[in-house]
2 protein chains.
Amino acid sequence: VSLSGLGPDPRAQVVGTGLIGGSLGLALRRRGWTVSGVDQDEARAVRAVEIGALDRSGFDAAADIVFIATPAGAVVAAARRALAGRAVVTDVAGVKEAIVGALPHPRFVGGHPMAGSEQVGVDGADADLFVGATWVLTPTEQTDPDAYALVAGVAGQLGATAVALPPRRHDDLVAVISHVPHLTAATLMNLAADAAIEHGTLLRLAAGGFRDMTRIAAGHPGIWPDVCVENREGILEVLDGLTDSLSHVRKLVADADREGLTAWLETAREARVNLPTGGMPRDTSVELRIPVADRPAMLAEVTTLFGEMGINIADIEIAHSVEGDRGVLVLTIAERALDEASGALNARGFRHSHRRLGP
Amino acid sequence: VSLSGLGPDPRAQVVGTGLIGGSLGLALRRRGWTVSGVDQDEARAVRAVEIGALDRSGFDAAADIVFIATPAGAVVAAARRALAGRAVVTDVAGVKEAIVGALPHPRFVGGHPMAGSEQVGVDGADADLFVGATWVLTPTEQTDPDAYALVAGVAGQLGATAVALPPRRHDDLVAVISHVPHLTAATLMNLAADAAIEHGTLLRLAAGGFRDMTRIAAGHPGIWPDVCVENREGILEVLDGLTDSLSHVRKLVADADREGLTAWLETAREARVNLPTGGMPRDTSVELRIPVADRPAMLAEVTTLFGEMGINIADIEIAHSVEGDRGVLVLTIAERALDEASGALNARGFRHSHRRLGP
């Protein structure tokens, strides 16, 4: 550990030992920190100690930094208690303006590691959760530069890239890339369920695109009511924008405006293809698409083939037309590995196509 | 081949040798059919012969069945030409009422194999494309029962389950599970691109949920303007329903109605978790979630482990929080294999969680 201002045995306190708190503990301990943790549910803190995410449960008055990893609605109260001590205090909640506005203190630095996981609870904790992630920090005019530097330094130490944004800008951005999409997924799912209410099994016809779009709706409501309340302003603005845009699309459809529809879809295609990936620069990627029957042996053959060749698979999925017994194996690899990968696939008789992904 | 009414050497004609036409050719030839094919772009028909999707390019006046596999806008004209012969004629377009209404002929049976692919063109053709798929057929009062039986029989022969629906019912259903979700994905992507226009790289913050929701927007506009025009009525109704539902959500957010938001999300969760999968009944599935660094060797270790144990992986993906260097490996397997799989993972030190999927 070489963060300036810290002694040889840096100490961290985690408040809330769920998925994020547990992952913080695992990651910090791996880098030499001593980590204490508490949770409203004491059994969860005990479990966090068991899996190695904490050195001990309880409060550490000598902690250098306190991570508030509770649900958003509980952050302000927990942070106020922590600020009574001498540590730098940060949080990990997905909304920032309401929290940061309520905590005008030099030693509070609002934070949001964009590294959620579909897992829930401390058993889903992962020491590498923050590697490659963008970690938004929301310093204000009150923020002590040393406090900011410490939090940004820890984020970097855990493998993330710290990005500073005004709290409002953060909230507006997550409204459009997270909150409203989540609400829209739930809405599309409810619409489909209503439409199929008399013929439930007809939802069986829903193919991969619909399944992709509604996947996030399968999660427990959990944090979302809090998020919607705390980012009300940002969400309402984006919902209004979505409604306006859907009115535009409605008009294109009603007018049978093929050119307008093509332009609308083409603009979206460009934006999606160029959607930047990951928190850190990396090699240009290509997506390989290989029609396969998804027998386990076939999948293993392709993946081990690449493993033996040292080709990293950055992403893998099976794109189903329907979730049946076949699919297209979609692999993302670095562009520089394309020729080698393609040659190996051809040699094994795997027909495939590829396309370059955005940088 | 044992379809009643067919001779020992059944013959099929494919009009339009793209992805679906090529897949039909591959699948039919594998089952003993002789297949001829034509395409507006003759080079594509030649390519279809090269990859084994057709016995020959050209028209076969002696065909028992003609598959019109052109874009939706070209189906009616092509089907009329085909109906001048003596064959049963069917199509594969994603909209049905406009087409079926324009072809009131006993030997025409509207069809829509729900087995699209994200691939494009004949090189994406796959002999197993229809295995496990639902194949919607839209017979009308005019339809000759023998013609219907032949098309349904061929669908079954190719591994699909034929489901008969009124054309309007089909169109309304695909509006809600395919057409409007597609337009919404494009709209969300355009909204995000607009919001980030001054800070493009901030889209880097978009995590897995947003990427899932907008994935289909990455496709070429291709068939969509035709689809929107031909299913205008169904799409407008669903767009209006979506707008109404979003207004409801807007009110819940504006009123900070936590209970209402929880209920809305919970209803959607129930529906999504219970979304039926595939065209045919199959075993109950469980989803395994395994935090892994996505080094190729780790991926291969898990997949080959299952392969060696004979456990079929029905679905696989890496759920990224951000698309970086780590993820959660999400595998779908049959529930009966859960104990064996879980034991093997534990023995190798892979921490994991699981949840039961809907039937």
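Predicted model: local features only at pLDDT ≥ 70, side-chain atom pairs only at ≥ 80, totals over all residues.
**Stop 1: a phenylalanine**

Select Phe210(A). This residue sits in helix 7 of chain A, which covers residues 208–214. Is Phe210(A) buried or exposed? Its relative accessibility is 2%, so Phe210(A) counts as buried; the cut-off for buried is under 20%.

Now show what touches Phe210(A). Leaving aside neighbours within four places in sequence, the contacts from chain A are Leu188(A), Met189(A) and Ala192(A). Pick Met189(A) next. Along the chain, Met189(A) is 21 residues from Phe210(A), and their C-alpha atoms are 8.7 Å apart.

**Stop 2: two helices that cross**

Two packed helices are described by the angle and the distance between their axes.

Zoom in on the contact. The residues from helix 6 of chain A include Met189(A), Asn190(A) and Ala193(A). Among those from helix 10 of chain B are Trp264(B), Leu265(B) and Arg272(B). By class, this contact has nine nonpolar, four polar and one charged residues.

**Stop 3: one face of a helix**

Move to helix 3 of chain B, residues 75–83. Colour Val75(B), Val76(B), Ala78(B), Ala79(B), Ala82(B) and Leu83(B), which are buried. Look down the axis of helix 3 of chain B. Its buried residues fall within an arc of 165 degrees, so they line one face of the helix.

What covers these residues? The cover includes strands 1, 4, 5 and 6 and helix 4 of chain B.

Key:
Residues numbered from 1 in each chain as written. Chains lettered and ligands numbered in written order. Heavy atoms only, no water. Helix = DSSP H or I, 4+ residues; strand = E, 2+ residues; numbered from the N terminus. Buried < 20%, exposed > 50% of the residue type's maximum accessible area, 1.4 Å probe, protein only. Contact = heavy atoms within 4.5 Å. Nonpolar A, V, L, I, M, F, W, Y, C, P; charged D, E, K, R; others polar. Arc of directions from axis to C-beta.
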